Amino acid sequence: MADESSEQMQSLSMNSVSQAEEGSSSTSTDSNPTNIKRALELTEEERFQLVRSVGEECIQEDELRNLLKNKKEPICYDGFEPSGRMHIAQGVMKAINVNKLTDAGCIVKMWVADWFAQLNNKMGGDLKKIQTVGKYLIEIWKAVGMRNLDRVQFVWTSEEINARAHEYWPLVMDIARRNKLPRITRCCQIMGRSDQEELTAAQILYPCMQCADIFFLKADICQLGMDQRKVNVLAREYCDDIKRKNKPIILSHHMLPGLQQGQEKMSKSDPSSAIFMEDEEAEVNVKIKKAYCPPKIVEGNPCLEYIKYIIFPWFGEFEVERREENGGNKTFKSFEELVVDYEKEELHPADLKPSLSKALNRILKPVRDHFANDANAKDLLKRVKAYRVTR
């Protein structure tokens with residue numbers, strides 16, 4: 001049952017590939033009726049497996065099962081700071097995850113955290129620049145193949161909080177008064193800060209607001225990266241404080257490392273650490289060619305992480321092209337199969353890297369085309385590239 005479900009889940013998540021490669025309308029807001037039909041046809045176990053596959057960690061699985069059993073359209077929350085160009089983890093991995101969630105019948109609220117980016121001094125705290133970046137990010141997701149867009153709501157923090165201030169700020173204040181300062185500063189990782197840094201008063205307010213977002217948006221599931229785990233746990237602890245039984249379920253996805261040795265996380269300020277969503281084909285080729293990829297070593301190998309978390313979920317396989325004397329062409333149907341060959345050195349980095357570049361460029365081509373051919377998208381990208389990224 002588990003293997004069969006896994007294959008079905010992978011099949012469901014693959015439709016974005018054909019949509020992207022066929023050059024479908026990159027700004028279409030039409031849902032795919034076929035995908036909605038499939039969601040209705042899924043069994044409870046299949047829905048659970050599809051949603052659960054989004055997260056590296058789930059708190060708690062029994063709560064997730066119960067939610068999916070009793071609610072046909074759970075609300076999933078995912079927030080992001082518009083803080084510069086989009087790298088491939090934020091672009092492709094998020095599209096994959098959102099597609100899985102909407103295929104399973106969920107409503108996904110994408111919290112465009114413009115006020116939070118301003119609190120965190122991104123783009124020098126210039127709200128207009130931050131909002132331009134936010135619009136650019138949305139263009140990318142639509143171009144790369146985020147589908148079922150009638151089930152995806154892009155909600156701007158500045159607009160929604162102002163519209164419902166009477167609901168939002170009392171909630172923030174209540175969370176703040178129930179927590180000591182050390183507990184809040186331990187959540188600073190969510191801003192890309194350490195708890196040892198000297199923080200502004202605005203940055204102290206940030207975790208209380210992000211915790212409040214979960215309840216403000218009526219989220220059943222917090223679908224964020226592992227780096228956001230602490231504030232999501234804070235939300236569950238707040239439920240204990242106020243004697244609320246239905247706690248938000250935490251579904252934390254994997255964080256891709258940077259392309260260079262020892263880089264635990266991609267950095268927008270270091271272009272060599274990541275593939276960006278509108279990188280030209282030649283740029284992708286050079287970055288992958290220079291990426292850390294030691295022979296036989298799987299652990300801590302960023303190229304293999306790209307294959308595991310981007311290529312296999314996107315295509316369902318990984319095609320390697322190589323000379324006959326090096327083993328000839330081979331199509332790997334699973335990451336585990338690839339690992340066996342790699343550890344035996346039957347698959348060498350010199351053959352793996354060009355094939356990885358080719359697969360990445362297939363995914364990114366519709367994004368490049370959109371930003372080259374759409375006047376609005378082209379203008380947004382030009383402005384975003386001109387902005388200086390501030391930490």
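Me: Buried means under 20% relative accessible area, exposed means over 50%, and partly exposed is in between (1.4 Å probe, protein chains only). Is Tyr-168 buried or exposed?

Reply: Tyr-168 is buried, at a relative accessible area of 0%. Keep in mind that this is a predicted model: local features need pLDDT of at least 70, side-chain atom pairs count only at pLDDT 80 or more, and totals for chains, interfaces and linings use all residues. Residues are numbered from 1 along each chain as its sequence is written, and side-chain values use heavy atoms, with hydrogens and water left out.

Me: What does Tyr-168 pair with?

Reply: Trp-169, edge-to-face, with 5.0 Å centre to centre and 85° between the planes. Rings of Phe, Tyr and Trp (its six-membered ring) pair if their centres lie within 6.5 Å; planes under 30 degrees apart are stacked, over 60 edge-to-face, the rest tilted. Trp-169 is partly exposed, at 29%.

Me: What charged end sits over Phe-216?

Reply: That of Arg-164, 3.9 Å from the ring centre. The rule: NZ of Lys or CZ of Arg within 6 Å of the ring centre and within 35 degrees of the ring normal. Arg-65 also lies over a ring face, that of Phe-48, at 3.7 Å from the centre.

Me: Switching to helix 12. Why call it largely enclosed?

Reply: Because 12 of its 16 residues are buried. Among them are Tyr-206, Met-209, Cys-211 and Phe-216. Helices (H or I, at least four residues) and strands (E, at least two) are DSSP runs, numbered from the N terminus.

Me: What span should residues 201-216 have?

Reply: 22 Å, and the end C-alpha atoms are 22 Å apart, which agrees. The expected span is 1.5 Å times one less than the number of residues. Just after the helix, Lys-218 takes a positive phi of about 55°.

Me: Last one, Arg-236. Where is it, and what does it touch?

Reply: Arg-236 is in helix 13, residues 229-241. Arg-236 counts as buried, at 9%. Its contacts (heavy atoms within 4.5 Å) include Ile-59, Glu-63 and Pro-248, leaving out residues up to four places away in sequence.
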